[in-house]
Amino acid sequence: MSNKAASPYSHQSQNSQINNKTLIVGLTGGIGSGKSAASAWFAKQGIDIIDADVIAHEIVAKGSNTLRKIQKRFGDWVLNDDGSMNRAAVRTHVFANPEALIELEAITHPAIRETAKAQLNLSTSPYIILSAPLLIEGAEAGLANLCQRILVMDATEDTQLARASQRDGQSIQKIKAIMTNQLSREERNRYADNVILNESDLDSLYLQLEPLHQEYLKLAQQLKFAVD
């Protein structure tokens, strides 16, 4: 576990319009780095988890306003026969057309951010974990600006490839393609307040998370008293 010298509240925008008494920790990392395992551990400690991936699926649910906007912009082909989003077709289209991806994100990202802010305001845990795979890259609706700390899960490329292929059954080629759309380890880690190298088993991961949990509890108390 490593730390960089930074203000504990340096990431949050003054215009974020969320509860400024609660510490928000942005959790990110490359594919196969262990974000889900870390989130599950924090949840067991009673910490609320706001997951941008879950939100991204929720906002395009059948009949949603966001899905209607996507349909209006791209056409009826984005829908399955039952009115749900044809995720495979949309994914294939934007992967082959970078401009289409930009247009899609212009629709989805504001919805992701607003939903995340609403969920953050409803949280009652001592601090909150905001998990987003592309948190730093800015491809998750500017969610990094809602956070006061950034925690990066780190792993070597070989470890990432092994975990992702075993977990998802995806080809090495496809996993590498995903990785090319993410920051390099070095670039990502430069933005982090805390970095956990997750190269071993779950017990080793938990041993690294425990002191961070205690640190975040203390920072959360400091923030609360500072605001009060």
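This is a predicted model: local features need pLDDT of at least 70, side-chain atom pairs count only at pLDDT 80 or more; totals for chains, interfaces and linings use all residues.
Buried here means under 20% relative accessible area, exposed means over 50%, and partly exposed is anything in between, using a 1.4 Å probe and protein chains only. Residues are numbered from 1 along each chain as its sequence is written, and side-chain values use heavy atoms, with hydrogens and water left out.

**Salt bridges**

- A salt bridge here is a side-chain nitrogen of Lys or Arg within 4 Å of a carboxyl oxygen of Asp or Glu, and the count by this rule is four.
- As background, side chains of opposite charge can pair when their charged atoms come close.

- E114 is partly exposed, with 45% relative accessibility.

**Between α3 and α5: R73 and E103**

- R73 and E103 also form a salt bridge, and their closest N and O atoms are 2.7 Å apart.
- R73 belongs to helix α3 (residues 65–74) and E103 to helix α5 (residues 98–122), so this pair ties together parts 30 residues apart in sequence.
- Helices (H or I, at least four residues) and strands (E, at least two) are DSSP runs, numbered from the N terminus.
- Both partners are partly exposed: E103 has a relative accessible area of 31%, and R73 has 42%.

**Between β5 and α8: D154 and R185**

- D154 and R185 meet through their side chains in a salt bridge, 2.8 Å from N to O.
- That links distant parts of the chain, with D154 in strand β5 (residues 149–154) and R185 in helix α8 (residues 185–190), 31 residues apart.
- D154 is buried, at 5% relative accessible area, whereas R185 is partly exposed, at 26%.

**Helix α6 and its surroundings**

- Helix α6 covers residues 157–168, twelve in total, and runs 16 Å from its first C-alpha to its last, close to the expected 16 Å (1.5 Å times one less than the number of residues).
- T159, Q160, L161 and A164 are buried in α6.
- The buried residues of α6 pack against α7 (172–180), where contact means heavy atoms within 4.5 Å.
- Just after α6 comes G169, with a positive phi of about 70 degrees.
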